[in-house]
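Me: I'm new to this one and would like to learn how to read it. Could you walk me through it, feature by feature?

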Amino acid sequence: MPTEPALPEGRPATEVLAELRALREADAPTRGGRTFAYVYDAGLDGLDELAAEAYTTFATVNGLDPTVFPSVARLENDVVGSVAALLGAPGAQGTFTSGGTESILLAVKTARDHARSERGITAPQLLLPSTAHAAFHKAAAYLGLAPVVVPVDPVTFRADAAAMAAALTDRTALVVASAPSYAHGVIDPVAEIAAAAAARGVLCHVDACIGGWILPYLRRAGRAVEPFDLSVPGVTSLSVDLHKYGYADKGASVVLHRDATLRRHQYFAHAGWPGYPVVNPTVQGTKSGGLLAQAWAVLRHVGEEGYTALAGRVGEASDRLLAGLRSMDGVRVLGDPAAGLVAFTVAGEDGVTPDLSLLLHLADEMRELGWYLQPQLSFDGLPPNLHLTLTPATVGQVGSLLDDLAVALDKARALEPVVVDPELASFAAGLDPETLGPDEVAGVLAFAGLGEGAGLPRRAAPVLVLLDALPGPLKERLLAEFIGSVFRI
Ligand SMILES: Cc1ncc(COP(=O)(O)O)c(C=O)c1O
């Protein structure tokens, strides 16, 4: 029998809310344009309040059953209709989902089931450029597809269309292109990849999770943007997150298919149990109508002109940031960023070779100054870098960001380089992630300063330099253990 009650005595709502608000104080700010990852700030007065009220209005509605809550079907058809009008083609059909990962999971499930039923493929492959979002690897792992990864061009960071075409096999269920990729913010050659896929009767998904709601509006604002959506022949599905450049609250994305026949493979229906007949278009069963309602309200409030103006502001922030970065000594912008994402690396003493330790010191120094820039580690010959997601709220910050970057870079250059302890490196090299026991994992984490009870380190550089040096599977195992230690009760 448990001796402790599961919950303390109930407390007044004001006290509970005060505790929640206090918890936010240690978080990175989500508004104000100093956090360059994870958050999308339109900088529009009243937008957060609108989303919150729309959410509240629908919070208790269950999106599981549109026959009982017809408002849900109306709102979803409106949202998906807008997405199809912007990014679709005649006949396109889609679904509102909880985010990019869920949209991608559903696109991969669709392709797997289509490949099985239409082409008799029982051991499907998922063909990806190396910059495809990790969510595709997750989908492959969940759904039993074998990922086939093709390196991107090391100069442009775009998918290599010819190499992708050459990697198509009779088992390929789906080919992926990004518009743009998260890591470097560059658009893959969608038309060439989709044409090669179509020539083999293979489906092609465009991951426009981050770009889908900004690229068309950048085009409308007068910038050149190559075609990337379902209007491109051969593209059979597309994902776009409304919780990114649509500025809806988190939990809002759409997956769009070329037609209803394809979308049918996405659905799950089950009548073989004694409960209510189940048909789920998405991964979730019960889902609040609130997320859909807030996305609907934000889209309708901002409108075409509003999104065009917001895209223009992101474009302006990007132009200013790129010009500033390109004029900084030792800084190299990676590729030719298309939308609001910018990745740059920093060279060490030779002025050319990316210097991981310097880069991570720079990120830590920037954090001390109240900015969050996202470190990305080296991968398969692609350099480590710092990644920035620009939003309209960042436009007014670019000047002070660049000033602080110059200061932080000088400070970072004056710091001792972080090196991986050779003893730890050789110990780690001998570890097999498959058979690693809890004691060995704890040993490595403690060495990295992430031991039990140690809390989060103030500076990330020592941990990330070590992580960068480890082989992929070991990295993954340690990351899982680390996050397991964060969520330990
Ligand atoms: C290109 C791309 N695809 C997929 C995702 C995954 O989206 P989510 O984090 O909403 O699941 C992201 C997120 O940044 C992304 O940028």
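Me: Let's start with the rings: which residues form one aromatic cluster?

Reply: Rings of Phe, Tyr and Trp (its six-membered ring) pair if their centres lie within 6.5 Å; planes under 30 degrees apart count as stacked, over 60 as edge-to-face and the rest as tilted. Here Y40, W213, Y217, Y245, Y247 and Y307 make up one aromatic cluster. Keep in mind that this is a predicted model, where local features need pLDDT of at least 70 and side-chain atom pairs count only at pLDDT 80 or more, while totals for chains, interfaces and linings use all residues. Residues are numbered from 1 along each chain as its sequence is written, and side-chain values use heavy atoms, with hydrogens and water left out.

Me: How many aromatic pairs turn up in the whole structure?

Reply: A search finds 9 aromatic pairs. Take W213 and Y307: their ring centres are 6.0 Å apart and their planes are at 85°, so the pair is edge-to-face. This pair links distant parts of the chain, since W213 sits in the loop between strand 5 (203-207) and helix 8 (215-220), Y307 sits in helix 10, and they are 94 residues apart. Helices (H or I, at least four residues) and strands (E, at least two) are DSSP runs, numbered from the N terminus. The rings of Y245 and Y247 have centres 6.1 Å apart and planes at 85°, so that pair is edge-to-face too.

Me: Are W213 and Y307 buried or exposed?

Reply: Buried means under 20% relative accessible area, exposed over 50%, and partly exposed in between (1.4 Å probe, protein chains only). Both W213 and Y307 are buried, and both Y245 and Y247 are buried as well.

Me: What sits over the ring of W371?

Reply: A charge sits over a ring if NZ of Lys or CZ of Arg is within 6 Å of the ring centre and within 35 degrees of the ring normal. For W371, the charged end of R34 does this, 3.8 Å from the ring centre.

Me: Now the inside: how many residues does the largest nonpolar core have?

Reply: A nonpolar core is a set of buried Ala, Val, Leu, Ile, Met, Phe, Trp, Tyr and Cys residues joined through side-chain atoms within 4.5 Å. The largest one here has 97 residues, and those with the most contacts inside it are W213, L242, L325, F344, L362 and L373. Helix 10 gives the most to this core, with 14 residues. Apart from it lies another core of 22 residues, including V418, L424, A448 and L474.

Me: Which residues does Q294 contact, leaving aside neighbours within four places in sequence?

Reply: Contact means heavy atoms within 4.5 Å. Q294 is in contact with A51, A54, Y55, A248, D249 and A252, once those neighbours are left aside. Q294 lies in helix 10 (residues 290-326) and counts as buried, at 0% relative accessibility. Its side chain also reaches the backbone oxygen of L291 at 3.1 Å.

Me: What about S253: where does that residue lie, and which side chain does it join in a polar contact of 2.7 Å?

Reply: A polar contact is a pair of N or O atoms within 3.5 Å; within protein, one must be able to donate a hydrogen and the other to accept it, and residues adjacent in sequence count only if both atoms are side-chain atoms. S253 lies in strand 7 (residues 253-257), and its side chain joins that of D241 at 2.7 Å. The backbone oxygen of V240 is 3.1 Å from a polar atom of the S253 side chain. S253 is buried, with a relative accessible area of 0%.

Me: How many residues surround the ligand?

Reply: A residue is near a molecule or strand if one of its heavy atoms lies within 4 Å of it. Here 13 residues surround the ligand, and the closest are G100, T101, D207, H243 and K244. A backbone N or O atom of G100 lies 2.9 Å from a ligand oxygen atom. An N or O atom in the side chain of T101 is 2.5 Å from an oxygen atom of the ligand, while one in the side chain of D207 is 2.7 Å from a ligand nitrogen atom.

Me: And the backbone: which peptide bond is cis?

Reply: Most residues other than glycine have a negative phi, and most peptide bonds are trans. The bond from A179 to P180 is cis, with omega near -10°. F157 has a positive phi of about 65° although it is not a glycine, and F157 is buried at 0% relative accessible area. D380 has a positive phi of about 45°, but D380 counts as exposed, at 53% relative accessibility.
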